[in-house]
Amino acid sequence: MTLPADLAARLSLPLIAAPMTGVSGPDLVAATCRNGVIGSFPTHNAATVELLDEWLAQIGAALSEHPDAAPVAPNLVVHRTNQRLTADLDRLIAHGVELVITSVGSPEPVVDRLHGAGCLVFADVATLRHAERALEAGADGLVLLTAGAGGQTGSANPFAFARAVREHFTGPLMLAGGISDGHALLAAEALGVDLAYMGTGFIATTESLAPEDYRAAVVASSLDDVRQTAQVGGLPANLLAQWLESQLAPTVSAGDFQAERLMNGRTVWSAGHSVSGVHYVCSATEVIERVRLQYRDARNQLLEISCR
Ligand SMILES: Cc1cc2nc3c(=O)[nH]c(=O)nc-3n(C[C@H](O)[C@H](O)[C@H](O)COP(=O)(O)O)c2cc1C
């Protein structure tokens, strides 16, 4: 493991509950962190900077009696169109967050201030070029977005991407895309990454902000029901066919990402290929317990194979 030892010691599984627009809020973050899984949420899920302040205080209060809880890792969309970037960054620093995950752009505009406040920065990247640029900008760790991920997705094959980055980078590495059970989690570790990133697997939890019909659609869908399009948010994203087919034909041009649209797009029903692993609505604690048992089984199976 290449994670800082004090952070790794607070994890019960090598896992981050990924940030999700319209899904991750204070209850989900507090529940995952209490269970030893890093909890993340996009700052823009709080409709205003004042509400972000309240959410950070609420999460802090919920975890105050759990000194060994996993870190809270707010997600900042660092795209130049994000008008709230500086104000949100100020709030994260004021609340003393220890880890921030950046997305949709280079972490360069926020790295220095976060490092100055003693905060680690993980950047999500979808190509080797993005990975290089994020490291040049000072990112401490990389989240590799790969094919089949929920939300804005990558298209790289996870085996090839993780191995290519590990050839040159020895720091904290996370793998995102298609991971919703303990077997996939162990497979990610076998590729040499430190942590798996799991989004879709947490949408249908009782603590998520997703409305009931969206959670039900996630439960009812399989990976054959996931459609990739750039025409809703401007960047390639995986969405549920059931939602996409109920909308007027999307009109956004590929490449025309606007942070404002993402912030107003909380009703989009997104999910990745791992939606096939979601069979019922339950608490985040139950999801994590299931992954923990599967992870143990997967390790035992691997031991048996290696002893043959
Ligand atoms: C509904 C939904 C919303 C998402 N919103 C964001 C977001 O606001 N910021 C971000 O960095 N990633 C976002 N993502 C991507 C996730 O953080 C993560 O990369 C992805 O869920 C991992 O793949 P998986 O869904 O197969 O587990 C979103 C994903 C989903 C499913």
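This note walks through the predicted model, from its ligand to its cores and selected residues.

1. Basis. The model is predicted: local features need pLDDT of at least 70, side-chain atom pairs count only at pLDDT 80 or more, and totals for chains, interfaces and linings use all residues. Residues are numbered from 1 along each chain as its sequence is written, and side-chain values use heavy atoms, with hydrogens and water left out.

2. Around the ligand stand 26 residues. Pro 19, Thr 21, Gly 178, Gly 199 and Thr 200 come nearest. A residue is counted as near when one of its heavy atoms lies within 4 Å of the molecule. By class, the shell has 12 nonpolar, 13 polar and 1 charged residues. Here Ala, Val, Leu, Ile, Met, Phe, Trp, Tyr, Cys and Pro count as nonpolar, Asp, Glu, Lys and Arg as charged, and the others, Gly among them, as polar.

3. Asn 75 places a polar side-chain atom 2.9 Å from a ligand nitrogen atom. Ser 103 has a polar side-chain atom 3.0 Å from a ligand oxygen atom. Gly 178 uses its backbone: an N or O atom there lies 2.8 Å from an oxygen atom of the ligand. Taken alone, the ligand exposes 600 Å², and the protein buries 95% of that. These areas come from the Shrake-Rupley method with a 1.4 Å probe; for residues, only the protein chains shown count as cover.

4. Nonpolar cores. A nonpolar core is a set of buried Ala, Val, Leu, Ile, Met, Phe, Trp, Tyr and Cys residues joined through side-chain atoms within 4.5 Å. Buried means under 20% relative accessible area, exposed over 50%, and partly exposed in between (1.4 Å probe, protein chains only). The largest core has 54 residues, and Leu 142, Leu 144 and Phe 202 touch the most other members. Its largest share, 6 residues, comes from helix α12 (residues 284–307). Apart from it lies another core of 24 residues, including Ala 30, Cys 33, Ile 59 and Leu 85. Helices (H or I, at least four residues) and strands (E, at least two) are DSSP runs, numbered from the N terminus.

5. Leu 144. Contact means heavy atoms within 4.5 Å. Neighbours within four places in sequence aside, Leu 144 is in contact with residues including Val 125, Phe 161, Leu 173 and Met 174.

6. Helix α2. Just after α2, Gly 36 takes a positive phi of about 80°.

7. Ser 40. This residue sits in the loop between β2 (38–39) and α3 (49–63). Ser 40 counts as buried because its relative accessibility is 3%. A polar atom of its side chain lies 2.5 Å from the backbone oxygen of Ala 73. Not counting residues up to four places away in sequence, Ser 40 touches Pro 19 and Asn 75, among others.

8. Val 104. Most residues other than glycine have a negative phi. Val 104 has a positive value, near 55°. Its place is the loop between β4 (99–103) and α5 (108–116). At 15% relative accessibility, Val 104 counts as buried.

9. Asn 82. The loop between β3 (75–77) and α4 (85–94) holds Asn 82. With 8% relative accessibility, Asn 82 is buried. A polar atom of the Asn 82 side chain lies 2.9 Å from the backbone nitrogen of Arg 84. Leaving aside neighbours within four places in sequence, Asn 82 is in contact with Val 77, Ala 259 and Met 263.

10. Leu 7 belongs to helix α1 (residues 5–8) and is buried, at 4% relative accessibility. Leaving aside neighbours within four places in sequence, Leu 7 is in contact with Ile 38, Pro 71, Leu 99 and Leu 120. Gly 60 lies in helix α3. Gly 60 is partly exposed, with a relative accessible area of 39%. Gly 60 and Val 97 are 37 residues apart in sequence and 9.9 Å apart in space, C-alpha to C-alpha.

Terms used: A polar contact is a pair of N or O atoms within 3.5 Å; within protein, one must be able to donate a hydrogen and the other to accept it, and residues adjacent in sequence count only if both atoms are side-chain atoms.
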